[in-house]
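Hello,

Here is the structure for you to look over. My notes follow below it.

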Amino acid sequence: MADSQLYSGRHLLGLEGMTAAQIEPFLDLAASYALLSRSRTPPRDALRGRTLINLFFEDSTRTRTSFELAGKRLGADVINMTVATSSVNKGETLLDTAATLNAMRCDLLVVRHAQSGAPALLSRKVEASVVNAGDGMHEHPTQALLDAMTIRRHLGTLRGLTVAICGDVGHSRVARSNIHLLTAMGSKVRLVGPPTLVPAAMASLGNVEVFHDMEAGLRDVDVIMTLRLQRERMGAGLVPSAREFFRFYGVDRRRLVLAKPNALVMHPGPMNRGVEIASDVADSTQSVIQEQVEMGVAVRMAVLDRLSRMRVPA
């Protein structure tokens, strides 16, 4: 997509093609919002008088709630549209929905959809600024931003780090956004998992290495990012069983020690304990999983604020 569409400040549809200079302002602003949130003094007038609509065609309590909190902490009027009971389930098309949203004159639209490209389509049809909250197997940009912010808080930088993204990489929009962001910021990325879930062709996504041996993939890494098995997007036979997957590709104590001593353990959630990650690893002192949730609100505050301030009124 053209720079004018992705990076002008009107929409955040994905991170592919973004540079470090374009990513860092989001992380810097989010860092300031994290401090303000912890002090319980958010700037509630930043979005005062603006309307934010959360339009989720897929269930996601964690992401929707995070955007709702972010909007409310900035003073926006927040509306959650429940698609399961909306006109969409009665046959309304996505373009019909866009026309309805334009009539409502909302300012910010957060969209999650099962089809890749749906937020981009809406961005061409609505006057609001559109934030992609996850579309199909394409991207989930705010998740990658919050992951990057969490890493930077603990390790000080992203440049020169080695990050292992493990598990069901092939079906993961989180993995794709993280690949784009981390490589842009100077990290080395390893994709680790079985050939059925991490095809060798995924190396074409950027400057990444593909490992099908878990032990080799985790050796001396700075960050271990685990992903859940996305059975809703899988064909049959990609994984023999959850038990077999954990045996060969689960992150447990035995594998954690292969990474650097201060390596971070991350997971975008929801976790399947005993499938992609052991409970004692998820709850260990190296785990920053709960901090990822906290940073999610700060990052989404930064995204909503930045898009709103840079948006040219219709």
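**Arg173 and the annotated sites**

Arg173 is found in helix α7, residues 173-184. Helices (H or I, at least four residues) and strands (E, at least two) are DSSP runs, numbered from the N terminus. This is a predicted model, where local features need pLDDT of at least 70, side-chain atom pairs count only at pLDDT 80 or more, and totals for chains, interfaces and linings use all residues. Residues are numbered from 1 along each chain as its sequence is written, and side-chain values use heavy atoms, with hydrogens and water left out.

Arg173 counts as buried because its relative accessibility is 8%. Buried means under 20% relative accessible area, exposed over 50%, and partly exposed in between (1.4 Å probe, protein chains only).

Two partners of its side chain stand out for the notes. The side chains of Arg173 and Glu58 make a polar contact of 3.1 Å. A polar atom of the Arg173 side chain also lies 3.1 Å from the backbone oxygen of Gly136. A polar contact is a pair of N or O atoms within 3.5 Å; within protein, one must be able to donate a hydrogen and the other to accept it, and residues adjacent in sequence count only if both atoms are side-chain atoms.

Glu58 sits in the loop between β1 (51-56) and α3 (61-73). Its relative accessibility is 19%, so Glu58 counts as buried.

An unreviewed UniProt entry annotates Lys90, Arg173 and Arg228 as "binding site". UniProt positions are given in the numbering used here, feature names are shortened, and annotations may be inferred rather than shown by experiment.

**Arg228 and Pro270**

Arg228 is in the loop between β8 (223-226) and α9 (242-249). It is partly exposed because its relative accessible area is 23%. Leaving aside residues up to four places away in sequence, Arg228 touches Asp168, His267, Pro270, Asn272 and Glu276. Contact means heavy atoms within 4.5 Å.

Pro270 lies in the loop between β9 (264-266) and α11 (279-282). The peptide bond joining Gly269 and Pro270 is cis, with omega about -5 degrees.

**Backbone points to check**

Most residues other than glycine have a negative phi, and most peptide bonds are trans. Arg105, not a glycine, has a positive phi of about 55 degrees. Arg105 is in the loop between α4 (94-104) and β3 (108-113). With a relative accessible area of 58%, Arg105 is exposed.

Asp220 also has a positive phi, near 65 degrees. Asp220 lies in the loop between α8 (214-218) and β8. At 47% relative accessibility, it counts as partly exposed.

Best regards
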